[in-house]
Amino acid sequence: MTSQEIRSAFLDFFKSKEHLIVPSAPMVVKNDPTLMFTNAGMNQFKDYFLGNATPKCRRVADTQKCLRVSGKHNDLEEVGHDTYHHTMFEMLGNWSFGDYFKKEAIAWAWELLTGVLKIDKSRMYATVFEGDKANGVEQDSEALELWKQFLPTSQIIYGNKKDNFWEMGDTGPCGPCTEIHVDLRSDAERAEVDGATLVNKGLPTVIEIWNLVFIQFNRKANGSLEALPAKHVDTGMGFERLCMVLQGKKSSYDTDIFQTIISEIAALSGKKYGDDAACDVAMRVIADHLRAVSFSIADGQLPGNVKAGYVIRRILRRAVRYGFTFLGFNEPFICKLVPILVAQMGKHFPELEAQKTLVEKVIAEEEATFLRTLEIGIRLLDSEIEKLQKESKTQIDGKTAFVLYDTYGFPFDLTELMAREKGLTVDQKTFEQELNAQKDRSRNAAAVEAGDWVEVNPGADFKFVGYDTCEAEACIRRYRKVKSKGKEQYQIALNVTPFYGESGGQQGDTGYLQSAGERIEVLNTHKENNLTVHITARLPQNADAPLLAVVDVEKRTATANNHSATHLLHHALREVLGKHVEQKGSMVSPNGLRFDFSHFQKVSDEEVVRVEQLVNKLIRKNSALVEHRSVPMKAAKELGAMALFGEKYGDSVRVIQLGDSVELCGGTHVKATGQIGLFKITSEAAISAGVRRIEAVTGENAEQVLYGLQSLFREIGAFFHNTPNLVSAIKKTIGENADLQKQVERYVKERIATLKCDLLSRAVDKGDYRLVQLQRGAQVDAQMDVPPDFAKELAFQLRATASDIVFAMASVSGGKPAITLMLGDDMVKKGLNASQIVREAAKHIEGSGGGQPFFATAGGKNCDGLSAALQKIIELIDRQIEEK
């Protein structure tokens, strides 16, 4: 069976078991503060397990795009080196939300694997939970008895808490699980060693393919377990591993999922897969990482420097580095593999096909940037190696390796490889200490301690009424204490709330909760999955009491203005630039808006003006808001609404129509476009290949921008005596300044020529060289300020006069000390190095510097040390000549 046939067989099977087949959620998670990426099939269903939402269908199945590169689920470093780990993978899964349980889950798994897919029963093993006395959880005897109907007891294995008890996190839903493993070894190997002894031992040919999780407990903050009122089933089967089993391969990289890509990598590199172990690893890394990066970009996550963007950039750079080091790629190549991936997976994942051009361009630019970074890192490392060799040292300091890694993205193993080629080692222990210290800093900055939710009014629904009102009578449904960065706060969930929780790029509301004579400030509001959480510094004295929830109307109105303006901006961009423009991200707050969109060239000044004019025209039309709530997706598309790739939509959606702008949106908006008042673009720039960013303000903030510009023009005009033709006056002044600059340059050249002759007449013959020295600024002439260009020009003119000359200068530039050293050719041939000498002398001015063997400069802080620095230069030169 091909991989596409295998995927279809799974989905068709569960469709026959009355499961609703749902599309994969985006791989990039947006409304869950505990996750950056979808790392398991159950992520999109967390609200059902947590009791925050009620499923419309109690039986569901899908294939989910997953990414495991951070946190406890981190497979990145294993990828490519073994035969079955991946960053991005598909998770085939079926779920029951309070419907069927262990009996059906196990029976259907067996039916699919052996009846439909025809896997050899004798090669299959099942694990069941052995129990945990410490937690008071008994052995999963129910699962054990169910498996005995299908497998002999010799193929049923007890597993411990680590392998056979699944938990969502430190707290929350959890339960025992049963894993299905398959033995892929040859008959001879199986006869020699019993497969049961190899289950969960890390052997790549005896692997887990399916995990059936039975969610029946809730883990509390104190570690105790309580039974859930409804029991759920959550299963996950690795699609790549299943294909490996069914296609008779020992590695998932040998299946048709990867081989098409690997063949293209081999063709581009001119190397054959299977000929060299290191090259094979590189090809597997690239094939895997191509998928992870491409799907992430298609889902709206661009490479960046923070959070999820940093993770994607790190994955892509890892692939580039392997291609650079082992396959000889010195120019972008991963972007050339995107069409192969799209042809293979675009049919089942249409977002990949739709975003193909963007994915190619983003990857190409990221590759080119990192290849330039690698060149810088190589030069720096070569310089460090040269320095160590001259000092007869054999080890690169771990801190230096970490700076290369952290600042320049230069991988440690590449540092190690280059060092080894030069006969050096790298202090890995110190490197790892620095790396761990950085991780600890990041972890501590992001650490959040959360207590258990305390249920106050159980059974009440969670309802959002913020589209219609900014205040509502409510009661606390649940609350919990959280601690972050040493600060304690409370998270409160209300049964009814007018507060909009941060999501979809819109900042959360602020306001207050009024209760029995006390007022609790709501500092922020965000969403955890689908639950609106209000952040407060304290709780009401009586958490059971009814209260009034009141949103800050002024901030809400300003935010709504900006959010509606992004819709008008999106429409205007598509009108002016073309229908290829699609939203790639946004941020709206009371203070302004930011809008990211796909476009493959700079937006001209004229186009910016046209966009701005069109948005203001739409505002002046004062089009009324037309809102459609709970509309089926099909009906929404018929209304003309655009679905954005990377967004997760439910069965029913909300459509916002403002004039000709029609979009799917869950945010808050104006009642009519005239409310926005005025729209002003403040900046337009590229943020990555194929993605531009516009920042803008509306209403009163837009007025302030215009007032500021008017004030600036008045101030500039005053400099030119309020001339009516300000532009002509500025051009005239610039021209006059250019003429004066030329006169100054001529004077400087004449001054340098005169000074050169004067200095040569006073040169000191030291036998092996002629010394020309000059000190200005600190001791000789405190008013003399020597620009760096002046010092450099003087040095080069002096060097041209003789090959045995040494020019040393101590000066002050901009109030700071500087030293300059120029060596003639004869001095360089004798082994003197200006850069090394200057670095040593710079210590006297509390500075540093460097340069080339014949010319170097240094700057510092201590002008009083200039004389000592100059003396040190001459002392070092004399000593080195004497030694040589």
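**Entry 1: salt bridges**

I looked up the salt bridges and found that the structure holds 45 of them. I counted a salt bridge when a side-chain nitrogen of Lys or Arg lies within 4 Å of a carboxyl oxygen of Asp or Glu. Side chains of opposite charge can pair when their charged atoms come close.

I note that this is a predicted model: local features need pLDDT of at least 70, side-chain atom pairs count only at pLDDT 80 or more, and totals for chains, interfaces and linings use all residues. Residues are numbered from 1 along each chain as its sequence is written, and side-chain values use heavy atoms, with hydrogens and water left out.

I picked Glu111 and Lys17. They form a salt bridge, with the closest N and O atoms 3.2 Å apart. The pair links distant parts of the chain, 94 residues apart. Glu111 sits in helix α3 (residues 102-116), and Lys17 in the loop between α1 (3-16) and β1 (20-21). Helices (H or I, at least four residues) and strands (E, at least two) are DSSP runs, numbered from the N terminus.

Is Lys17 buried or exposed? Lys17 is buried, because its relative accessible area is 18%. Buried means under 20% relative accessible area, exposed over 50%, and partly exposed in between (1.4 Å probe, protein chains only). Glu111 has 34% relative accessibility, so I wrote it down as partly exposed.

**Entry 2: further pairs**

I went on to Arg538 and Glu518. Their salt bridge has its closest N and O atoms 3.1 Å apart. This pair also links distant parts of the chain, 20 residues apart. Arg538 is in the loop between β23 (531-536) and β24 (547-551), while Glu518 is in strand β22 (residues 518-528). Arg538 is partly exposed at 39%, and Glu518 is buried at 11%. I also noted a network: salt bridges that share partners join Asp120, Arg123, Asp187 and Arg190.

Lys393 and Glu391 meet in a salt bridge too, at 3.4 Å from N to O. Lys393 is partly exposed, because its relative accessibility is 46%. Glu391 is partly exposed at 39%.

**Entry 3: cysteines and helix α7**

How many disulfides are there? I found zero, counting a pair of cysteine sulfur atoms within 2.5 Å. Cys66 is in no disulfide; the nearest cysteine sulfur, that of Cys243, is 15 Å away. Cys66 has 0% relative accessibility, so it counts as buried.

After α7 comes Gly248, with a positive phi near 70 degrees.

**Entry 4: a nonpolar patch**

Which residues make the nonpolar surface patch of about 350 Å²? I listed Leu706, Leu709, Leu712 and Phe713. Patch residues have over 30% relative accessible area and no salt bridge; like charges are joined within 9 Å, and nonpolar side chains (Val, Leu, Ile, Met, Phe, Trp, Tyr) within 5 Å. Leu712 belongs to helix α20 (residues 699-719). Leu712 is partly exposed, with a relative accessible area of 43%.

**Entry 5: the whole chain**

I finished with totals. The chain has 25 helices and 37 strands. Of its 884 residues, 50% count as buried. The C-alpha atoms fill a box of roughly 105 × 80 × 55 Å, taken along the principal axes.

Conventions: Areas by Shrake-Rupley, 256 points an atom, 1.4 Å probe, with all protein chains shown as cover.
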